[in-house]
Amino acid sequence: MAFTDVSMLAIAGAAAAAVALVLLYRRLVSQPKLNLPYLRFEDGNDSRERYVTDTPALLQIGYEKYLKHGQAFAMRNYVDDHHPQVILPIRYLKEVRNAPESKLSFPYYSEQIFSLKDTGGLFHTPEGTQMVRVDLNRHLNALTPRMHEEAIAAFEKLLPPGKDWVPVSPYAIFSYAIGRVTALALAGPELAHNDEWIGLTAKITVDIMQAAQGVRAKWHPYTRWAARWFFEPVKVVLASKKRAAELLKPVLEKRQAALKEGASRREKGSTPIFNDGVQWLLETYEAKGRKLTPEELAHHELFAAIGAIQSSVATTVGVLFDLLDHPEYLGEILAEIEQVKNDAPDLPRQALNKLWKLDSFLKESQRLHAVGQVRLNRAAVVPYTFKDGLHLPAGTQISFLLQVPNLDPDLFPEPQKFNPWRFLHKRQQGDADKNHFASVSDDNIFFGNGAHSCPGRFFVTDEIKLLLVHLLTRYSFKYATEGEKRPADIIHDNASYPNIMTQVLYQKK
Ligand code: HEM
């Protein structure tokens, strides 16, 4: 090629690039901006650090000033300084719930919040969700007795009998017990009894969050792609994924062999010989003519574990603290348990559903101390305009408040009072199928709402009840020091959960 051809090409290339830049610039400046009141701390300290611990205070102001009047507001997005987050009043719930995934997306929100592209974290998987939403729920009746046995075995391992009061970490015992019961249901009995698996699945959520926070704090956006080779917290996440696949491999091979031999084939609708997430996933893949690899299986399993373990542990720790704060209600809860057990000593699901007082106690505990300040978190995949004209630029994160409205006297009389039978009375006076712990409605978004509403909510309700029935009937608990009360919840940006460091004392009854 002659020199002049080369220079002509270079000039044409430069011109094309210039035109592209102009078009991009025009598109950016012509795109409507976020037109909302912007809420910030107005006492002189609106630093980024302030948002780590004080976000709930700002959400309270935003609720009173804007949301209660049907007005959305924007505020600093602790995760991404360039895109303010938008908090919506509940009147937008229906529209958000019905918006297609290609516009307002939960997976895209998770991708942003966990910086998944840079941390090797776990992308949302439809297969992992289906395993819980369809298969787990379908088999819950059959699984409950085995979950019960698993919970008892876990506590017997951790809480040996003795005459004395012994210190114990509620966070540690519930992490282990919930890890085991979850593993039994989702990964099978082999891994439910493998402490490495229990530790790995309990820790993966924390590992991913630490990797995401670390990458955002320490790596420039242009270099983050390299963090996987040089940044320890990201390497930890990747190593856990690899190890999870190694641990799952022999289980998967055994199931694949059984399936080939026909040992696990079954009549349609009957309970399979292997009844757990590994089997359900394998059968889903087989039905579609796809081969399930240990790596894919690990991805689905770890994704489900992220949903299943930490929120459930935090919820149960909080309930135990509230039981210690309000021992005056324990007698009634125990009497209800005894009555239900008299009719059904093995506590099948139908019996657990009759524990209305315990259920109401769980719900009141969450009303006052929600795990998480916000719900229905979504991110705009494309610029999105609501019917009333509210416009969200692409990439904007939206949420609804969970905790603040729970303390609104217009919604809950005497909102600061712990009234364990608040929801029991609502059920007795109204629709018994509403106002229970697992229920989801427009005024009850603890488990989300719409297509993504938590598919594990029935499982976790049974699980927490089984754990508590065993603990409350076999053991006594008290705080380590006289007069001690529930410790303040830990806050980090929009996250909130009970203090995981607090120890209590237990004694076998
Ligand atoms: C107290 C414990 C739990 C809480 C508070 C909780 C809460 C939530 C919330 C708020 C969502 C998002 C809903 C939305 O945005 O509309 C969700 C989704 C999800 N949860 Fe749970 N969850 C809990 C336990 C569980 C358990 C035990 C499992 C599995 C056995 C599970 C599996 C999932 C999955 C797979 C999703 C994604 C659903 C989807 O994208 O369609 N969760 N959960």
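This is a predicted model: local features need pLDDT of at least 70, side-chain atom pairs count only at pLDDT 80 or more; totals for chains, interfaces and linings use all residues.
1. Residue numbers start from 1 along each chain as its sequence is written. Strand and helix labels come from DSSP runs, with helices being H or I of at least four residues and strands being E of at least two, numbered from the N terminus.

2. Strand β6 (residues 374-380) and strand β9 (residues 397-401) run antiparallel and are joined by four bridges. Another facing pair here is Arg378, which stands opposite Ile398 in β9. As for pairing, two strands count as paired if DSSP finds at least two bridges between them. Buried here means 20 or more other C-beta atoms within 10 Å of the residue's own, exposed means 12 or fewer, and partly exposed is in between, with C-beta atoms placed from the backbone.

3. Touching, or contact, means that the C-beta atoms of two residues, placed from the backbone, lie within 7 Å.

4. Where does the parallel pairing come in? Strands β3 and β9 pair in the parallel sense, over four bridges. Gln85 stands opposite Gln397 in β9. On the other hand, strand β2 (residues 73-75) runs antiparallel to β3, with three bridges between them, and Ala74 stands opposite Val86 in β3. At the β4 end, β4 and β6 pair in the antiparallel sense over two bridges, with Ser105 opposite Ala379 in β6.

5. Have a look at the side chains of strand β3 (residues 85-88) too. Gln85 and Ile87 point one way, Val86 and Leu88 point the other way, and all are buried.

6. There is also an open sheet of three strands, in the order β5-β13-β10, with antiparallel pairing. Its edge strands are β5 (166-168) and β10 (475-479), and each pairs on one side only. Neighbouring strands of this sheet are turned by 40° against each other on average, direction ignored. Strand β13 (residues 504-508) pairs with β5 in the antiparallel sense over three bridges, and Pro167 has Leu505 in β13 as its bridge partner.

7. On to helix packing. Two packed helices are described by the angle between their axes and the distance between the axes. Helix α12 (residues 232-261) and helix α13 (residues 277-287) pack at about 55°, with axes 10 Å apart. That makes α12 oblique to α13, given that under 35 degrees counts as roughly parallel, over 145 as roughly antiparallel, 65 to 115 as roughly perpendicular and the rest as oblique. The axes are lines fitted to C-alpha atoms, for helices over the stretch in contact, and angles run from 0 to 180 degrees between N-to-C directions.

8. Which residues make the α12 and α13 contact? From α12 they are Val251, Leu252, Arg255, Gln256 and Leu259, and from α13 they are Val278, Gln279, Leu282 and Glu286. The residues of this contact divide into five nonpolar, two polar and two charged. Nonpolar covers Ala, Val, Leu, Ile, Met, Phe, Trp, Tyr, Cys and Pro, charged covers Asp, Glu, Lys and Arg, and the others, Gly among them, are polar.

9. Two single residues to check by eye. Ile306 lies in helix α14 (residues 294-308) and is buried, with 21 other C-beta atoms within 10 Å. Not counting residues up to four places away in sequence, Ile306 touches Leu122, Ile204 and Thr205. Ile306 and Val206 are 100 residues apart in sequence, yet 9.1 Å apart in space, C-alpha to C-alpha.

10. Gln429, by contrast, is in helix α20 (residues 422-429) and is exposed, with 9 other C-beta atoms within 10 Å. The C-alpha atoms of Gln429 and Leu390 are separated by 39 Å, and these residues are 39 residues apart along the chain.
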